[in-house]
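Dear colleague,

Please find the structure below.

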Amino acid sequence: MMTNGTFIAVASLYFVQALLIVVQNFFGPRTLLFGVAIPPDEAQDPAVRRIRVQYAIVMGIFVLVVAAACFLWIRHRDAAHALVYVLIALFLLFPLSGIAVAICRQSALRLNAIRGWQVPVDNRRVASISNRRHRAPAFGLPWFGAHLAVIAVCVVIAIAKWGDIPDYFAIHRYADRMPDWYRWYSTKSLSSVYYENFGQLIVTGLFMLLNLLNGRARTSLDPADPEGSLQKQIRYKRIHSSTIWGISLAATIFLGLFQAGRLYSIQFDLWIHLAFPLMLTADLLLLGMFVYLRVRGLDQQRDAPSQGDRYWRTMGMIYSNPEDPAIIVPKRYGIGWTVNMARPMGRLTIATIAGVFIVLLVWTWLLTE
């Protein structure tokens, strides 16, 4: 049965994650209402604000329903079960968020039809942040040397303690009480011993890719203040890069602790109790980033060339513009970027990220057969 501490950690993680999903609606560009462009002077209109609040209410209902179902299911189970089911609940929030967005987007389209908004085209200039006189918009590859150092330490320890690793080990001490699909055992081999190190490399590479895409995302200058708008967007990207670097380093360290608990007879429950605060810390870092961007006025980024409705599909979530040379463009709602699916490199980026997860899942399944 879960302890009170574990239950508090699970609940905190779930509700902070839900809060992150909800607040993106309020921290994104003010001139976009669920992908519908609105005039700047209408951004604080009561009708516009009601639609944003509508999203929070709909998501709040979804969050509470899923939370209640999850609580009833895990309240008499141990921490290992709790971790599995709370992760399922967390993943459910994303498709539910898509449903809430679809509902509110229809409200925004109806309001647009009533008001007849005509948003003028903002003729901004596209810039490449490669001039050395400007501060780099993202951390360089040497910054990820810290990740490689952590991985190297884990590998060296595994080599030094090879003789102490049992020939057959369970993934956790509750393995005998787990359902068949979650009852993981491993035999001692190069692939099973260094499994987490492979995962560390994959995680590091994936976050390096995200960091690179962040730095290469299209930057549009405001003709009225080109230098000021450039510096503003460099700071915007730099903050995202810092967050990506910090979260990826924490994930790399966590996988090393996971490996230690699995191989060296350290109480394996340690990783379970560490997982919740780690994910909670990552969510709090993201929330802090949102607040900082708002306080500094950096959450108002808008890239006008990518806002044409005809280039956005699937409720404005997928961008496909063969005439746009940019691979990475700002999202239509929320914060961050998305890829231009009309460009070969954009499709390759999505395929690479999806492929990483498929490889990890297949390898995990093979190890536990």
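**Salt bridges and a surface patch**

Searching the whole structure gives 3 salt bridges, a salt bridge being a side-chain nitrogen of Lys or Arg within 4 Å of a carboxyl oxygen of Asp or Glu. This is a predicted model, in which local features need pLDDT of at least 70, side-chain atom pairs count only at pLDDT 80 or more, and totals for chains, interfaces and linings use all residues. Residues are numbered from 1 along each chain as its sequence is written, and side-chain values use heavy atoms, with hydrogens and water left out.

R115 pairs with E42, their closest N and O atoms lying 3.5 Å apart. Because R115 belongs to helix α3 (residues 79-115) and E42 to the loop between β2 (36-37) and α2, this pair ties together parts 73 residues apart in sequence. Helices (H or I, at least four residues) and strands (E, at least two) are DSSP runs, numbered from the N terminus.

R115 also forms a salt bridge with D45 (3.3 Å, N to O). This pair links distant parts of the chain, 70 residues apart. D45 is buried, at 18% relative accessibility; buried means under 20% relative accessible area, exposed over 50%, and partly exposed in between (1.4 Å probe, protein chains only).

The remaining salt bridge joins D164 and K161, with 3.5 Å between the closest N and O atoms. D164 is exposed at 53%, whereas K161 is partly exposed at 30%. Through shared partners, salt bridges join E42, D45 and R115 into one network.
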